[in-house]
Amino acid sequence: MTKFLKPLAIAAAIATPITASAELPGMRGTQHIGITVPDVDEAVEWLVDVIGCESFYSFGPFGPFEDDWMTYNLNVNPRAVIDIITMVKCGNGPALEVFKYTSPDQNPTPPKNSDIGGYHIALYVDDIREATQYLRENDVRVLEDPHPLTGTGSEGQEWVYFLTPWGMQMEIVSYPDGMSYEQTTERRFWDPRG
């Protein structure tokens, strides 16, 4: 991991911050993140029982449609069907919109972070070692141990990845004393610590 962080440190040291020259009118922030899972009930149960999220409501189905509505509006196969969507809140942050799709061309393998379109969701925790141990005690596959980010604007943060039961990548992060970028600018990332 050290080999990976050194190029990041160099890039962070020489990178010039880029600020918006234009803005989506009225944009205030991230409202929700959509994720597609193989079984909404099982995923929501895990998010609630293990992670501690709160389920709000469900709706659907949508489709099948006779025309290409799904392609034109959602960029999916025209015969795709959204079986159900459940809205979930995990602490202080955007909601998760948990989808169950069926589609003739569905890829059942979740993307890796290195895949185009790959993603992960990071959750802030107060004590990363306690949270890591908790995940392991609940049979969650945690990838390695927490790592500090050094030599970057994120110095002060520790992180570790874990996998959901359906194979999606998630991460826990912690920076109880803040991150080093805060000492070089008045600008701030949204902070889940409140």
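# Reading the labels in this model

Author: The structure holds eight aromatic pairs. The model is predicted: local features need pLDDT of at least 70, side-chain atom pairs need 80 or more, and totals for chains, interfaces and linings use all residues. Residues are numbered from 1 along each chain as its sequence is written, and side-chain values use heavy atoms, without hydrogens and water.

Reader: What makes two rings an aromatic pair?
Author: Rings of Phe, Tyr and Trp (its six-membered ring) pair if their centres lie within 6.5 Å. The angle of the planes then gives the name: under 30 degrees is stacked, over 60 is edge-to-face, and the rest are tilted.

Reader: Why is the pair of Phe 59 and Phe 62 called edge-to-face?
Author: The centres of Phe 59 and Phe 62 are 6.1 Å apart, so the rings pair. Their planes stand at 80°, so the pair is edge-to-face.

Reader: What makes Tyr 181 and Phe 189 edge-to-face?
Author: Their rings are 4.9 Å apart, centre to centre, with 65° between the planes.

Reader: Which residues do ring pairs link into a cluster?
Author: Tyr 57, Phe 59 and Phe 62.

Reader: Are Tyr 181 and Phe 189 buried or exposed?
Author: Buried means under 20% relative accessible area, exposed means over 50%, and partly exposed is in between (1.4 Å probe, protein chains only). Tyr 181 has 13%, so Tyr 181 is buried. Phe 189 has 58%, so Phe 189 is exposed.

Reader: How many helices and strands does the protein have?
Author: Four helices and eight strands. Both are DSSP runs, numbered from the N terminus: helices are H or I with at least four residues, strands are E with at least two. Their order is α-β-α-β-α-β-β-β-α-β-β-β.

Reader: How do you know that the buried residues of helix H4 (128-137) lie on the same side?
Author: Ile 128, Ala 131, Thr 132 and Leu 135 are buried in H4. They cover an arc of only 100° around the axis, so they share a side of H4. The arc is that of the directions from the helix axis to the C-beta atoms. Glu 130 and Glu 137 are exposed on the other side. An α-helix has 3.6 residues a turn, so residues three or four places apart point the same way.

Reader: What do the buried residues of H4 pack against?
Author: They pack against H2, strand E6 (141-148), strand E7 (158-163) and E8. Contact means heavy atoms within 4.5 Å.

Reader: How do you know that the buried residues of helix H2 (40-51) share a side?
Author: Val 40, Ala 43, Val 44, Trp 46, Leu 47 and Val 50 are buried in H2. Their arc is only 165° around the axis, which puts them on the same side of H2. Asp 41, Glu 42 and Asp 49 are exposed on the other side. What covers the buried residues of H2 includes E2, H4 and E7.

Reader: What makes a space a pocket?
Author: Take a 1 Å grid over the protein atoms alone. A pocket is an open set of points where a 1.4 Å probe fits, with protein on both sides within 12 Å along at least five of seven lines. Lining residues have an atom within 4 Å of a point. The largest pocket holds about 950 Å³, a volume filled by probe spheres set on points joined across faces, edges and corners.

Reader: How many residues line the largest pocket?
Author: There are 34, and Ala 122, Leu 123, Tyr 124, Trp 190 and Pro 192 lie nearest its centre. H2 and H4 are among the elements that give two or more residues to the lining.

Reader: Where is Asp 139, and what is its phi?
Author: Asp 139 sits in the loop between H4 and E6. Its phi is positive, about 60°, although Asp 139 is not a glycine. Most residues other than glycine have a negative phi. At 75% relative accessibility, Asp 139 is exposed.
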